[in-house]
Amino acid sequence: MASSGLKNFYRQKKKGGVAKRSSNRSFAGKSPTVSLSHLVDPVPSPLHGTLLSSRCSGAGRDKVPLAAGIGEEEDEKLRQFDMDMRYGPCIGLSRTDRWERAAAMGLNPPAEVETILLKSSAAASGCLWDGRV
Amino acid sequence: MELRDIAPFPTSCFPSSLFPTMRADVEMNEESSKLFEREQAIYNNLDERFEIHKEKYKGQQYSHIYFSRLHHMRNLLYSLVPNWKPNLPVKTILGLEEGKECIIVGTIYKHMKLKPSILDEYSKERSKVPLVKPHNFVHPDDHLILEDESGRVTLTGSLLDPSAFVTGIVVALHGKETSEGDFFVEDMLEAGIPPQTELPLSSIQCIKNVTYVSPLQLGILGCLIILAGEDKYVVFVSGLSIGSSIFNPLQFQLLVDHITGHLGDRNEQSIASQIVHVVVAGNSVQIPQVLLSGHTIAPRDQSTLTEPIKELDILLNQLVAAMPVDIMPGPNDPANFSLPQQPLNRCLFPGASAYNTFMSCTNPHQFELDDILFLGTSGQNIDDLFKYSEAKNRLEFLEKTLKWRHLVPTAPNTVGCYPFTDRDPFLIESCPHVYFIGNQDKYETTLVQGPEKQLVRLICIPKFCETGNAVVLNLRNLECHTLSFPTSLDL
């Protein structure tokens with residue numbers, strides 16, 4: 001049962017800096033991915049990535065592939081925008097829609113987020129929790 | 001001045017619902033001067049915010065509606081707080097400090113012991129017969145919690161009686177945090193009745209005194225205003241329940257005949273000619289429950305599914321041929337379950353939808369007739385309030401929703417609702433002049449005065465199949481009376 005769920009995680013697109021950090025560390029202890037490691041590339045699932053969040057400022061960002069055309073800094077800004085409670089919940093809404101909603105409500109969302117969203121349609125249509133919730 | 005003079009104007013000047021009926025009246029005028037002309041009213045449909053055909057469901061949850069609602073209502077309450085208690089600080093819930101008096105704004109959540117939970121369904125057997133209509137779920141142990149984005153806090157104190165409140169309303173509270181971590185409430189502020197545009201009744205009355213003005217100068221609107229100044233009536237009917245065992249076709253036929261002027265002598269016909277609009281407020285059909293149990297229906301039984309709708313179409317056909325009709329879906333009608341219910345499909349009414357006086361509307365329904373704002377539902381909002389709170393009568397629930405400035409405060413908690421992401425369409429921004437609900441047990445009406453000279457006529461429309469009563473409203477002075485068609489033979 002667990003393996004079929006993890007296979008769904010593995011279906012995620014892998015881009016750029018996915019395996020930058022050593023993948024072995026995420027398999028510490030009783031990780032269920034160990035059983036599949038001989039079958040599939042040992043790409044750590046985002047779920048395990050979140051457990052290692054202590055070193056970086058954002059939660060588990062380094063394990064999830066960055067969206068096309070976005071650098072790390074800009075990705076960080078988008079993440080901050082997603083987590084900011086002032087603009088409301090972020091799940092179930094594309095970032096562009098959320099930004100527009102915040103603007104329509106007069107909440108003054110940061111304009112730099114809008115420029116990043118216009119640059120990359122992949123980042124604009126998703127949100128921080130895509131595929132993880 | 002004759003109506004004939006108006007005919008040469010291009011069609012685009014006319015609101016579309018007016019033109020065909022006026023021409024018919026003109027022809028009747030030429031044939032016989034004894035026929036009455038039906039009055040007209042300028043109709044403006046404001047249902048756009050309840051329509052969801054542009055929405056795309058992306059898997060979102062209901063948190064967005066609550067966020068929208070809290071955001072709008074909070075801004076409103078923040079603007080009202082300085083007039084209410086100017087010297088107290090306004091805080092968020094997590095920013096509460098023990099013992100310090102302050103004001104907090106949030107959404108109320110009522111924790112109810114008897115509230116049915118979805119998990120109960122798994123413990124009982126699935127039955128084919130629908131459960132008996134649930135009664136009130138209020139319990140003395142219910143308590144209130146106030147919630148905003150930062151956190152929630154339990155409310156204590158004797159000021160707020162939980163049985164008068166429901167989950168989903170946004171209020172401002174003055175009080176302080178106790179040592180147990182609860183919030184002791186000292187005072188409460190509701191948003192209050194929203195602002196209302198003043199009724200243009202007086203302007204219509206004075207124009208009546210003008211003797212002659214050329215129609216070309218005034219334009220079509222001017223001509224109609226001169227013709228007005230008479231009584232104009234709107235008929236509300238709901239709960240026809242065609243297809244149910246208690247439906248009496250004679251009763252509804254009598255209603256239709258009376259409204260269209262086919263009944264009675266000249267006096268009655270003159271009264272009927274002053275009816276400008278009909279609103280059918282929900283539950284027009286009732287499909288026999290046994291057919292909806294999920295079993296496949298044999299082809300010979302399939303006609304019983306469509307019989308009630310066909311009958312409704314035939315009867316509506318007679319109505320729409322005479323005047324504009326708005327039909328709203330209700331809990332038993334073939335429309336979606338969650339609010340806002342979308343308009344009944346025009347395919348269901350092949351006969352009636354050919355007329356442009358036929359208007360299929362959403363539930364809730366908002367429209368303007370001669371600048372008088374109407375707002376109403378088919379009853380789901382008040383029926384739900386009745387299940388989860390207490391009040392003197394249904395009219396008090398109506399008044400409360402106006403004071404809370406929200407049509408359906410219990411959506412999406414206990415009333416099905418579409419998960420909007422960018423707005424909460426049930427917020428009442430401007431106060432209607434007429435506020436109605438359909439499918440109630442009895443006819444009740446009252447006139448509510450607001451603190452800023454708002455005047456609202458509240459109407460509870462009774463179920464026609466049970467009571468035989470329709471409600472008639474006079475647009476000139478907002479007075480209401482019933483139109484009763486008893487067909488029992490007890491004398």
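**Exercise 1.** Which elements of chain B do the buried residues of α9(B) pack against?

*Solution.* Before starting, note that this is a predicted model, where local features need pLDDT of at least 70 and side-chain atom pairs count only at pLDDT 80 or more, while totals for chains, interfaces and linings use all residues. Residues are numbered from 1 along each chain as its sequence is written, chains are lettered from A and ligands numbered from 1 in the order in which they are written, and side-chain values use heavy atoms, leaving out hydrogens and water.

Step 1: find the helix. Helices (H or I, at least four residues) and strands (E, at least two) are DSSP runs, numbered from the N terminus. Step 2: pick its buried residues. Buried means under 20% relative accessible area, exposed over 50%, and partly exposed in between, with a 1.4 Å probe and protein chains only. In α9 (residues 380-388) of chain B these are Gln380(B), Asn381(B), Ile382(B), Asp384(B), Leu385(B) and Tyr388(B). Step 3: look for partners, counting a contact when heavy atoms lie within 4.5 Å. The partners are β3 (101-111), β13 (372-377), α10 and β14 (434-440) of chain B.

**Exercise 2.** Find the residues that touch the most other members of the largest nonpolar core.

*Solution.* A nonpolar core is a set of buried Ala, Val, Leu, Ile, Met, Phe, Trp, Tyr and Cys residues joined through side-chain atoms within 4.5 Å. The largest has 51 residues, and Leu146(B), Leu155(B), Leu173(B), Phe183(B) and Tyr435(B) touch the most other members. Helix α10 (residues 394-403) of chain B gives the most to this core, namely four residues. A second, separate core holds 33 residues, including Met323(B), Ile327(B), Leu344(B) and Phe485(B). Now zoom in on Leu146(B): leaving aside neighbours within four places in sequence, its contacts include Ile93(B), Ile104(B), Val171(B) and Leu173(B).

**Exercise 3.** Is Arg74(B) buried or exposed?

*Solution.* Arg74(B) sits in helix α2 (residues 63-84) of chain B. Its relative accessibility is 12%, so Arg74(B) counts as buried. Not counting residues up to four places away in sequence, Arg74(B) touches Val105(B), Asp148(B) and Glu149(B).

**Exercise 4.** Describe chain A and locate its nonpolar surface patch.

*Solution.* Start with the fold: chain A has six helices and zero strands. Buried residues make up 40% of its 133 residues. For the patch, take residues with over 30% relative accessible area and no salt bridge, joining like charges within 9 Å and nonpolar side chains (Val, Leu, Ile, Met, Phe, Trp, Tyr) within 5 Å. Met83(A), Ile91(A) and Trp129(A) form such a nonpolar patch, with about 250 Å² of accessible area together; areas come from the Shrake-Rupley method with a 1.4 Å probe, and for residues only the protein chains shown count as cover. Ile91(A) lies in the loop between α3 (72-83) and α4 (95-104) of chain A, and counts as partly exposed because its relative accessibility is 34%.

**Exercise 5.** How many salt bridges does the rule find across the interface of chain A and chain B?

*Solution.* First the contacts: 12 residues of chain A meet 11 residues of chain B. About 1000 Å² is buried between the chains, with carbon and sulfur atoms giving 65%; buried area is the accessible area (1.4 Å probe) that two parts lose on being put together, summed over both. A salt bridge is a side-chain nitrogen of Lys or Arg within 4 Å of a carboxyl oxygen of Asp or Glu. The rule finds one across this interface. Lys58(B) forms a salt bridge with Asp97(A), with the closest N and O atoms 3.0 Å apart.
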